[in-house]
Amino acid sequence: MSVQELSIIGKEPPQNYFHKGSDAGILDASVPLIQIPVVDIGLLASPSTWTHELHKLRSALSSWGCFQIVSYTKPRRPAKAQILAWKSSTLRKILHEFAMKSRQINEILLKAMARSLDMEENCFLDQYGERALVTARFNFYPPCQRPDQILGVKPHADASALTILLPDKEVEGLQFLKDKEWFRVPIIPQALLVNVGDQVEIMSNGIFKSPVHRVVTNSEKERITVAVFCIPDSDKEIKPADALVNETRPRLYKNVKDYKSML
Ligand SMILES: O=C(O)CCC(=O)C(=O)O
Ligand SMILES: [Fe+2]
């Protein structure tokens, strides 16, 4: 029987679902809120508006490794793809549009991240390659009777370059680890959550952190999220950008290739 079915009939999940880490038995859904900025992706598009957003981006990524994005400032003309996304009705079409949009967001953000470190804007994107992969994972967390002992997802860091998460509109659950403490992500309507994955940590020579995160469960409500993993071309060598290696900041990572399958 699946955990979803067990949850419906009110039974506990098998033992391997019980959290056994150092904070086992005290899983806390009410940890402090994360202090990360909301970046307006529309403002990242032009030199006249990007300075403040780049500053926020750099500080969020070097401390937390994540931030939220919104698009309050609309592009001058809505892209055709955007209009299509509203109108299309089948999951296949919507998912395709979402993947395409995620690819664009990934590109805009990798350029902005390079600029925020005063580097040439294609520094990260060039490593990314032409045959990059966008994979989406649907996460369904059924209500769980033992939220104090059972995690939805165990602590991990993502193997992607960037991860773009479409959070649940009503139910919190995602938490990030910083300085050995857990912080929860609030629900911000219309926002996407972006976190750095291991491969951007490598490219940035450790300046941007790939944060450890986990998902706690809820006793009453189910939670659904879609995680989009942006993954570099498996033929491309990923390495710390030359401009970020110097005498004061030695190279911290070896070159990696097809990193996702190395794990
Ligand atoms: O569901 C979430 O909030 C996050 C899921 C996650 O971390 C993952 O799929 O890698
Ligand atoms: Fe994750």
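Modeller: Buried means under 20% relative accessible area, exposed over 50%, and partly exposed in between (1.4 Å probe, protein chains only). Strands are DSSP runs of E of at least two residues, helices runs of H or I of at least four, both numbered from the N terminus.

Biologist: Before we go on, what kind of model is this, and how are things numbered?
Modeller: This is a predicted model, in which local features need pLDDT of at least 70 and side-chain atom pairs count only at pLDDT 80 or more, while totals for chains, interfaces and linings use all residues. Residues are numbered from 1 along each chain as its sequence is written, chains are lettered from A and ligands numbered from 1 in the order in which they are written, and side-chain values use heavy atoms, with hydrogens and water left out.

Biologist: Which strand does strand 2 run antiparallel to, and by how many bridges are they joined?
Modeller: Strand 2 (residues 66-70) is joined to strand 8 by 4 bridges. Two strands pair if DSSP finds at least two bridges between them. Ile-69 has Leu-192 as its bridge partner in strand 8.

Biologist: And strand 5?
Modeller: Strand 5 also runs antiparallel to strand 8, with 4 bridges. There, Leu-165 is bridged to Leu-193.

Biologist: Changing topic: which residues coordinate the iron ion (ligand 2)?
Modeller: His-156 (NE2), Asp-158 (OD) and His-213 (NE2) do, at 2.1 to 2.3 Å. Donors are N, O and S atoms within 2.8 Å of the metal (3.2 Å for Na, K and Ca); water is not among the atoms, so sites may look incomplete. The spacing of the donor residues in sequence is H-x1-D-x54-H. His-156 is in strand 4 (residues 151-156) and His-213 in strand 9 (residues 213-216), 57 residues apart.

Biologist: Is His-213 buried or exposed?
Modeller: His-213 is buried, at 5% relative accessibility. His-156, at 25%, counts as partly exposed.

Biologist: How many cavities are there of 30 Å³ or more?
Modeller: There are 3. On a 1 Å grid over the protein atoms alone, a cavity is a set of points where a 1.4 Å probe fits but cannot get out, and lining residues have an atom within 4 Å of a point.

Biologist: What lines the largest cavity?
Modeller: It is lined by 16 residues; Asn-139, His-156, Leu-165, His-213 and Ala-227 lie nearest its centre. Strand 10 gives the most to this lining, with 4 residues.

Biologist: Last topic, salt bridges. How many does the structure hold?
Modeller: The structure holds 7. A salt bridge is a side-chain nitrogen of Lys or Arg within 4 Å of a carboxyl oxygen of Asp or Glu. Arg-146 forms one with Glu-12 (3.4 Å, N to O) and one with Asp-148 (3.4 Å, N to O). These shared partners put Glu-12, Arg-146 and Asp-148 into one network.

Definitions and conventions. 1 Å grid on protein atoms, 1.4 Å probe; cavity = no way out; pocket = protein on both sides within 12 Å on 5 of 7 lines; lining within 4 Å. Points joined across faces, edges and corners; volume = space filled by probe spheres on them.
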